[in-house]
Amino acid sequence: DDEALNDALKIASARHDIIALKVSDPRERELPNIGLVELQDAETARKVLIDTSSAAVRRHYAEAWSEREAKTLNLLRHKRIDIADISTDSDYVAELIKLFHKR
C-alpha cells in the first residue's frame with residue numbers, strides 16, 4: 001500500500017541514493033476486449049470473474065491503472081527519487097543513458 005511504500009522509501013533514502021526503474025508493458029494499461037475472464041489474486045487466491053467486453057469495466061480498469069501510476073510517480077518525485085521509465089516496447093538502454101546523464 002502507499003503508506004508502506006512511503007515508509008520504506010523514507011527509511012531507505014535516509015542512508016542511500018535511490019533510483020527507481022519503472023518497467024511496464026503497454027498492454028498493462030488497458031484490458032483487451034476478450035469477454036469473460038477469471039482472475040486470481042496471487043496473494044489471497046481469491047478469484048473474480050470480469051466481463052472485459054464491457055466498456056465500463058475496461059474504462060474503470062484503465063482509470064484505476066492511471067491513478068495508481070500517478071500516485072506512485074508523485075510519491076517518488078516528492079521523495080526526490082530519479083525515475084527511469086522503461087517500457088517493454090522501447091529501448092531500455094536509451095532510458096538508462098538519459099537517467100544517468102540527468103544525474
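Start by selecting K71, which lies in helix α2. The model is predicted. K71 and T52 are 19 residues apart along the chain. Their C-alpha atoms are separated by 25 Å.

**Along α2**

Stay in the helix and select V57. V57 belongs to α2, which covers residues 55-78. Buried or exposed, or in between: where does V57 fall? V57 has 28% relative accessibility, so V57 counts as partly exposed. Buried would require under 20%. Show the neighbours next. Leaving out residues up to four places away in sequence, V57 touches L31 and D51. Then pick D82. V57 and D82 are 25 residues apart along the chain, and 33 Å separates their C-alpha atoms.

**The hairpin**

Select residues 36-40 and 47-51. These are strands β2 and β3, and the two pair in the antiparallel sense. How many bridges link β2 and β3? The pairing runs over 5 bridges. For one of them, click V37: its bridge partner in β3 is I50. D51, the contact of V57, sits within the range of β3, residues 47-51. Now look at the turn. β2 and β3 form a hairpin with 6 residues between them. A45 is in that turn and has a positive phi of about 65°.

Move to residues 92-102, helix α3. Select Y92, which is placed in this helix. Y92 is partly exposed, since its relative accessible area is 48%. Together Y92, V93 and I97 make a nonpolar surface patch of about 280 Å².

**Zoom out**

The protein has 3 helices and 4 strands. From the N terminus on, the order is α-β-β-β-α-β-α. Turn the model along its principal axes. The C-alpha trace spans about 45 × 30 × 20 Å. What is the radius of gyration of the protein? The protein has 17 Å, whereas a compact globule of 103 residues would have a value near 13 Å.

Of the 103 residues, 20% count as buried. Among contacts between residues at least 6 apart in sequence, 55% join residues at least 24 apart.

Terms used:
Residues are numbered from 1 along each chain as its sequence is written. This is a predicted model: local features need pLDDT of at least 70, side-chain atom pairs count only at pLDDT 80 or more; totals for chains, interfaces and linings use all residues. Side-chain values use heavy atoms; hydrogens and water are left out. Patches are made of residues with over 30% relative accessible area and no salt bridge: like charges are joined within 9 Å, nonpolar side chains (Val, Leu, Ile, Met, Phe, Trp, Tyr) within 5 Å. Accessible areas come from the Shrake-Rupley method with a 1.4 Å probe; for residues, only the protein chains shown count as cover. A salt bridge is a side-chain nitrogen of Lys or Arg within 4 Å of a carboxyl oxygen of Asp or Glu. Buried means under 20% relative accessible area, exposed over 50%, partly exposed in between (1.4 Å probe, protein chains only). Contact means heavy atoms within 4.5 Å. Two strands pair if DSSP finds at least two bridges between them. The radius of gyration is taken over C-alpha atoms; the globule rule is 2.2 Å times the number of residues to the power 0.38.
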